[in-house]
Amino acid sequence: MQGSSDVGVLGLGPMGENFALNLLSRGFSVSVYNRTPERTRAFLERSGAPEGLRATYSVQEFVSSLSRPRRVFLFVKAGAPVDEVIAQLRPHLEEGDVLIDCGNSHFRDSDRRYQELLGQGVDFIGMGVSGGYEGALRGPSMMAGGSIRGYGSVEGVLREVAARHHGDPCVAYFGPGGSGHLVKTVHNGIEYAMMGAIAEVYGVLRAGLGMGPEEASEVFESWSNGELSSFLVEATYRVLRYRERESEGPLIERVLDVAEQKGTGLWTAQLSLELGVPSPSISEAVHGRFVSAMKGFREKASRFACSAGPSTAESDLLEACRSSLYLTFVSSYLQGSLLLEASSRSLGYGFDVAEAFRVWRAGCIIRSRIVERAYSALLGREAESRTLQLMEEFHRDFRERMVWWADFVAAAARLGVPAPVTSSAMNWYLSVTSRRLTANLVQALRDYFGRHGYQRTDMPGTFTSDWGRG
Ligand code: NDP
């Protein structure tokens, strides 16, 4: 049976195995290979080894089981593993063979890999695949870039397995190099912003209308047929009402509020900063996940939490402007302090943040009375968390003036005056002082479509659920 499979799938994680099943269901014969053979065996068992599926247990066996030109879909973890796998495949590949990296690779890595393989005549395609594991099975949306000749070799296959919108296959070629992965990266950035927005609305439904997960689920469900009709809103209402057992409450309540990430949101934010093209909602969603991951810090900072309470009279707008500016100033120093603390630690510089405040007291552009007060507050104390010490120092100001901050943000919005710095400063403070965030919903949604796993508040370990999808 040498050289008989139409295509190959390398990597049998949730995406690869489902993509392989999709290919098989469209009548293609598929060879599969996975670094860890147990995974291949488990896949054979689970899938019932359908006709056309060929399991292989070495790279050489895998490549030689494919018909020429060989078409190999890679579904391995993004980053170094992709280079490792390409290095293993290269000696076995020939002119005209096509390598399609379907992972969430950085588009600049795809630019590089495209160039590297060009010299060998191997057609490299960097292709973003969206739709989670279910999409991979039933029909994903695919964003390809790289070798146009290679795309010609696989286009027929891709059109067969793609999702269809009124018959039109959702697959496109975007250009050379990493263009396909660039489009997928921005797609994921948008996904981050949408999930972040959903979690924020959930937070307001809870705090503002006193809703529990099941009531909120009903609200999202009622929205899911109108203008908000979307995969993510549908996923949200399913996730919110899912119970593992009838006797227990919704699982979402026991999901740890730490939302993880694999990089694509960050890359979108970096791209936006590099190109000078703002995408603040995406960046904020990335920051939101960072904040959620600061679980230990939030636990400690939660003693400085405050909320605005009822609004002040409109005639006090001037005071709202003054106080809001003050808190945004303090908040900016706090953000800088936290960033310096983390940099000092992770980059191994080992400096004390208090020193920065000492030299900022005079001569520099950010000198201010706040800096003087901050430094005095740090002086003579153990250098544990300087940021927490500063929060302690300024906590009373935040507590007393929160109402002005909220009023300023609301007034600016009503007046149509953009105030992104102030509103993000306020939201930063609210987030880092929150013991519990709605990031549990973001993490549950990630598990819903990607089987990315989640941690629980009631037992240790990493878990994955089907969230009632059957
Ligand atoms: P993972 O990202 O968890 O990757 C698992 C696969 O990568 C396994 O087959 C694993 O092999 C393999 N792998 C890891 N390191 C190496 C290595 N050094 N050498 C060889 N193989 C290696 O699985 P997913 O299926 O979730 O994702 C695959 C790709 O698709 C990723 O890039 C992901 O970002 C992307 N993606 C995922 C989506 C999702 O919803 N899950 C959606 C869209 C894209 P082994 O079994 O031996 O460990």
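Helices (H or I, at least four residues) and strands (E, at least two) are DSSP runs, numbered from the N terminus. This is a predicted model, in which local features need pLDDT of at least 70 and side-chain atom pairs count only at pLDDT 80 or more, while totals for chains, interfaces and linings use all residues. Residues are numbered from 1 along each chain as its sequence is written, and side-chain values use heavy atoms, with hydrogens and water left out.

**View 1. Ser105 sits in the loop between β5 (98–101) and α5 (107–118).** Ser105 has 2% relative accessibility and so counts as buried (under 20% relative accessible area, with exposed over 50% and partly exposed in between; 1.4 Å probe, protein chains only). Look for its side chain beside that of Asp101: the two make a polar contact at 2.5 Å (a pair of N or O atoms within 3.5 Å; within protein, one must be able to donate a hydrogen and the other to accept it, and residues adjacent in sequence count only if both atoms are side-chain atoms).

**View 2. Ser368 belongs to the loop between α15 (353–359) and α16 (369–378).** Ser368 is buried, because its relative accessible area is 19%. A polar atom of the Ser368 side chain lies 3.1 Å from the backbone nitrogen of Val371.

View 3. With a relative accessible area of 39%, Met194 is partly exposed.

**View 4. Arg39 has its place in helix α2 (residues 37–47).** Arg39 is partly exposed, since its relative accessible area is 42%.
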